[in-house]
Amino acid sequence: MHPAFEGLRESEHDELKYKAWASGHTGYPFIDACMRNLIAQGWITFRMRAMLVSFASYQLWLDWRVVGYHLAGLFTDYDPGIHYSQLQMQSGVTGINSMRVYNPVKQSMEHDPHGDYIRRWVPELKDIPNAFIHQPWKWGNNLVDDASLLSNTVYSKPIVDHESTAKEAKQKLTKVRQNDCFRDISNSVYNKLGSRKKRASKSKKEVCENQLALF
Ligand SMILES: Cc1cc2nc3c(=O)[nH]c(=O)nc-3n(C[C@H](O)[C@H](O)[C@H](O)COP(=O)(O)OP(=O)(O)OC[C@H]3O[C@@H](n4cnc5c(N)ncnc54)[C@H](O)[C@@H]3O)c2cc1C
């Protein structure tokens with residue numbers, strides 16, 4: 001954790017947003033499907049874990065600790081040595097990793113194009129036309145404004161506008177990164193914990209793949 005990010009989100013904690021996220025009622029079908037799957041089965045993939053944390057941290061502006069404790073209680077493979085460094089990386093508070101803000105609609109279209117996964121875990125949307133499965137608010141029928149309803153019969157409208165809140169969050173973190181001694185402290189975080197693994201250069205990688213193809 002880069003100390004410049006201490007106190008960034010804690011004072012603005014929104015319990016309604018936290019409860020909607022933690023129970024899978026944000027109004028974003030793919031986010032809700034992943035959370036409900038996790039609640040039911042105790043495991044999801046790396047990317048979906050990262051997306052849930054990114055959405056909670058950037059779009060809902062929730063502190064990585066409240067987010068992390070909720071997920072720790074759900075992960076069958078919970079391992080504090082992996083978990084909290086991942087929470088700090090995915091919520092953008094290390095100062096040595098780039099901000100990765102996931103677009104929940106783009107992720108939904110890319111990873112569940114026909115909405116099969118969404119319909120399995122968000123039954124309120126089982127009869128919705130394919131054209132609206134990733135953005136049901138554009139369909140408009142049968143949706144409610146009140147996220148605190150937390151209903152399993154009617155689906156709630158999005159609790160935030162994901163694009164404007166993502167933009168606002170990035171601006172707030174960029175502002176922190178601009179303060180004077182930010183870079184010096186980042187260097188000390190990197191020296192202590194930064195990955196030393198260099199990405200294989202493309203050409204070398206291609207060479208390897210070509211060699212592998214021979215076998
Ligand atoms: C926000 C967030 C929180 C996470 N919390 C945990 C956690 O509490 N416990 C946990 O084991 N993993 C955690 N991970 C890492 C990773 O998501 C899981 O290890 C992986 O998805 C587990 O699935 P698997 O056993 O099929 O992994 P495989 O992909 O089959 O990997 C095999 C093993 O390698 C290790 N591993 C895999 N990915 C990572 C990684 N990124 N970092 C470190 N070790 C890894 C795990 O021990 C895993 O069991 C987290 C990732 C994110 C983004």
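Student: How many helices and strands are there in the protein?

Tutor: The model is a predicted one. Read along the sequence, its elements follow the pattern α-α-α-α-α-α-α-β-β-α-α-α. The protein therefore has, with runs assigned by DSSP, ten helices and two strands.

Student: Among contacts between residues at least 6 apart in sequence, what percentage join residues at least 24 apart?

Tutor: A contact here requires heavy atoms within 4.5 Å. Among contacts in the protein between residues at least 6 apart in sequence, the share that joins residues at least 24 apart is 71%.

Student: Is helix 4 mostly covered or mostly uncovered, and against which helices do its buried residues pack?

Tutor: Helix 4 spans residues 64-74, and eight of its eleven residues are buried, leaving it mostly covered. The buried residues include Trp-64, Val-67, His-70 and Leu-71. Their packing partners are helix 1 (15-23), helix 2 (29-41), helix 3 (46-59) and helix 5 (80-90).

Student: Which residues are closest to the ligand?

Tutor: The ligand is surrounded by 13 residues. These divide into eight nonpolar, two polar and three charged. The closest are Trp-43, Phe-46, Asp-77, Asp-79 and His-83.

Student: Which residue places a polar side-chain atom 3.1 Å from a nitrogen atom of the ligand?

Tutor: Trp-43 has a polar side-chain atom 3.2 Å from an oxygen atom of the ligand. Asp-79 instead uses a backbone N or O atom, which lies 2.9 Å from a ligand oxygen atom. The polar side-chain atom that lies 3.1 Å from a nitrogen atom of the ligand belongs to His-83.

Student: What percentage of the ligand's accessible area does the protein cover, and which elements give two or more residues to the shell?

Tutor: On its own, the ligand has 820 Å² of accessible area, and the protein covers 58% of it.

Student: Why does Pro-3 count as partly exposed?

Tutor: Pro-3 lies in the segment before helix 1. Buried means under 20% relative accessible area and exposed means over 50%, with partly exposed in between. Pro-3 counts as partly exposed because its relative accessibility is 47%.

Student: What distance separates the C-alpha atoms of Pro-3 and Val-189?

Tutor: Pro-3 and Val-189 are 186 residues apart along the chain. In the predicted model, the separation of their C-alpha atoms is 9.9 Å.

How values were computed
Residues are numbered from 1 along each chain as its sequence is written. This is a predicted model: local features need pLDDT of at least 70, side-chain atom pairs count only at pLDDT 80 or more; totals for chains, interfaces and linings use all residues. Side-chain values use heavy atoms; hydrogens and water are left out. Helices (H or I, at least four residues) and strands (E, at least two) are DSSP runs, numbered from the N terminus. Buried means under 20% relative accessible area, exposed over 50%, partly exposed in between (1.4 Å probe, protein chains only). A residue is near a molecule or strand if one of its heavy atoms lies within 4 Å of it. A polar contact is a pair of N or O atoms within 3.5 Å; within protein, one must be able to donate a hydrogen and the other to accept it, and residues adjacent in sequence count only if both atoms are side-chain atoms. Accessible areas come from the Shrake-Rupley method with a 1.4 Å probe; for residues, only the protein chains shown count as cover. Ala, Val, Leu, Ile, Met, Phe, Trp, Tyr, Cys and Pro count as nonpolar, Asp, Glu, Lys and Arg as charged, and the others, Gly among them, as polar.
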